Amino acid sequence: MIKAADVFATPLDYARLPHDELVARIRERKQELNAVILGHNYQRLEIQSVSDYLGDSLGLSQEAAATDADVIVFCGVHFMAETAKILSPDKTVLMPDLRAGCPMADFVTAQSLRRLKQLQPNAAVVTYVNSTAAVKAESDICCTSANAVKIVDSFPRDRTIIFVPDKNLADYAAKKTGRPIRSASEFLREGADQTVEAGTIIAWDGYCYVHDDLVLTELSEAKQKYPHAKVIIHPEARADLLAQADYVASTSGMADIAAQHDAVIIGTERGLIDRLQARFPEKTIVPLSRAAICGNMKVNTIAKLAWCLDHKQHELIMPEEIRVRAERALRRMLDLSEGWGEKRTPEEERLEQTGMGARGCGCN
Ligand code: SF4
């Protein structure tokens with residue numbers, strides 16, 4: 001039992017403790033609180049090593065909802081902890097550092113989305129899971145990077161779609177479904193009385209800096225060095241890069257494809273690539289960019305995690321009205337993509353156990 005006298009005031013105090021002591025403290029406190037620790041694929045290894053579950057944001061939230069834990073500690077970014085709360089309203093959800101936010105999610109607010117909806121009242125709103133709960137609550141349905149094309153395609157061909165917040169994923173879905181695309185900021189600038197071609201995707205101008213920063217010159221260099229490697233790129237990357245890929249896949253899809261080839265060049269965050277390299281040491285797994293690191297994800301540290309458990313902070317609080325509406329958009333997506341109840345193949349099961357299963361969502 002951790003005594004009050006042993007609890008330190010700030011994460012900095014915890015950072016001075018030896019690593020083994022932090023790990024022991026986390027394990028003990030986790031038991032006392034009946035807590036479960038969720039570690040996103042992009043977290044530091046020190047966090048991954050003490051996590052009960054590893055994976056992508058939506059997969060982790062589903063795992064947590066299925067447990068009888070009273071407390072969920074989400075080591076990821078803010079919208080991910082929100083998703084855990086949406087799916088587990090009766091559990092306490094904690095974050096080690098509230099500053100771990102996602103710049104892509106923050107591109108769009110509920111207020112700005114409502115303004116766009118007013119200009120296009122008959123449009124369906126498709127929202128990538130990398131978004132705030134307030135934005136999800138304004139949406140008809142959510143999507144992941146793995147099912148974005150399927151979700152867009154589920155609407156009648158002539159229905160206008162507002163897609164937020166990722167412009168690159170919107171562009172990819174538009175190309176795959178043969179729909180015209182327009183920029184939301186241009187649309188908002190021009191105001192009311194605009195004619196919109198039937199079936200247009202009005203795409204918010206957000207992006208993930210980690211994936212949007214991947215460039216063609218890096219890809220040509222990697223291809224020159226590894227000419228036989230298959231190129232796998234995340235759909236959050238730009239269209240010119242996606243056009244050069246052998247595969248466009250979510251992070252979970254990347255794990256599946258990497259399992260099938262001897263050499264791959266992968267365009268996504270380094271955290272996932274490092275894990276794939278550890279998982280498949282016999283393969284050549286090359287990061288498209290060594291600089292593709294999400295600093296927001298790395299804000300969490302093992303010292304902050306220990307502090308968070310000792311102090312039972314920072315608790316994520318969400319108005320119930322927002323939670324219920326956001327859950328509706330998430331559940332619609334799950335219904336349409338048949339949820340996660342399908343029977344997995346042995347390979348999918350194995351990848352699931354390594355936290356790289358086929359669920360496929362954002363940062364993901
Ligand atoms: S990798 Fe991109 S989408 Fe994921 S948390 Fe970081 S900024 Fe957001």
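Me: What is the bridge partner of L38 in strand 3?

Reply: That's F74. Strands here are DSSP runs of E at least two residues long, while helices are H or I runs of at least four, both numbered from the N terminus. Bear in mind that this is a predicted model, where local features need pLDDT of at least 70 and side-chain atom pairs count only at pLDDT 80 or more, though totals for chains, interfaces and linings use all residues. Residues are numbered from 1 along each chain as its sequence is written.

Me: What makes strand 1 and strand 3 a pair?

Reply: Two strands pair if DSSP finds at least two bridges between them. Strand 1 (residues 35-40) and strand 3 (residues 71-75) are joined by 5 bridges and run parallel, so they qualify under that rule. Strand 1 also pairs in the parallel sense with strand 2 (residues 53-55), over 3 bridges, with G39 opposite L54. On to strand 4: 3 bridges join it to strand 3, again parallel, and V73 stands opposite L94.

Me: Why is one side of strand 2 and of strand 4 left without a neighbour in the sheet?

Reply: The 4 strands form an open, parallel sheet in the order 2-1-3-4. Strand 2 and strand 4 (92-94) stand at its edges with a single partner strand each, so one side of each has no neighbour in the sheet.

Me: Which residues of helix 4 and helix 5 meet?

Reply: S57, L58, S61, Q62, A64 and A65 in helix 4 meet M80, T83, A84 and L87 in helix 5. Contact here takes C-beta atoms, placed from the backbone, within 7 Å.

Me: What is the confidence in this chain?

Reply: pLDDT is the predictor's confidence in each residue, from 0 to 100. The chain's mean is 91, and 91% of its residues reach 70 or more. Over residues 340-348, though, pLDDT is below 50, and over residues 351-361 it stays under 50. Where pLDDT is low, the predicted coordinates should not be read in detail.

Key:
Contact = placed C-beta atoms within 7 Å.
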